[in-house]
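Dear colleague,

I am passing on the structure below, together with notes on what was found in it. Please read the notes with the coordinates open beside you.

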Amino acid sequence: MNTVLEALRQILGTPEFYDAGSGYSGSWDYGLMIEYFVGAVILCIVVSSVFRLLGKLVSR
């Protein structure tokens, strides 16, 4: 499981949503959260489409 997560982090990058910055309170970058989530969803759709295509090619 760790290798799958490492592969996803190589493709999508390391998620750094929380910026501590200078000062006591940090801030959340919601735009980066949405971008990371959309990228992960697109990656899942692409991977499932590839497996579906391979399944159709093998079953014939």
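**What was found**

Val46 counts as partly exposed because its relative accessibility is 46%, where buried means under 20% relative accessible area, exposed means over 50%, and partly exposed lies in between (1.4 Å probe, protein chains only). Its place is in helix H2, and helices here are DSSP runs of H or I with at least four residues, strands being runs of E with at least two, both numbered from the N terminus.

Please keep in mind that this is a predicted model, in which local features need pLDDT of at least 70 and side-chain atom pairs count only at pLDDT 80 or more, whereas totals for chains, interfaces and linings use all residues. Residues are numbered from 1 along each chain as its sequence is written, and side-chain values use heavy atoms, with hydrogens and water left out.

As for confidence, pLDDT is the predictor's confidence in each residue, from 0 to 100; the mean for the protein is 84, and 92% of its residues reach 70 or more. Where pLDDT is low, the predicted coordinates should not be read in detail.

The protein has two helices and two strands, which run α-β-β-α from the N terminus on. Its radius of gyration, taken over C-alpha atoms, is 17 Å, whereas a compact globule of 60 residues would have a value near 10 Å by the rule of 2.2 Å times the number of residues to the power 0.38. Along the principal axes, the C-alpha atoms fill a box of roughly 60 × 25 × 15 Å, and buried residues make up 2% of the 60 residues.

Tyr18 lies in strand S1 (residues 18-19) and, with a relative accessibility of 44%, is partly exposed. Setting aside neighbours within four places in sequence, Tyr18 is in contact (heavy atoms within 4.5 Å) with Ser25, Gly26, Ser27 and Trp28. Between C-alpha atoms, Tyr18 is 9.1 Å from Tyr30, which is twelve residues away in sequence, while 28 Å separate Tyr18 from Val46, 28 residues away along the chain.

Leu32, which is also found in helix H2, is partly exposed, with a relative accessible area of 28%. If residues up to four places away in sequence are not counted, Leu32 touches Glu16 and Phe17. The C-alpha atoms of Leu32 and Leu8, which are 24 residues apart along the chain, are separated by 16 Å.

With kind regards
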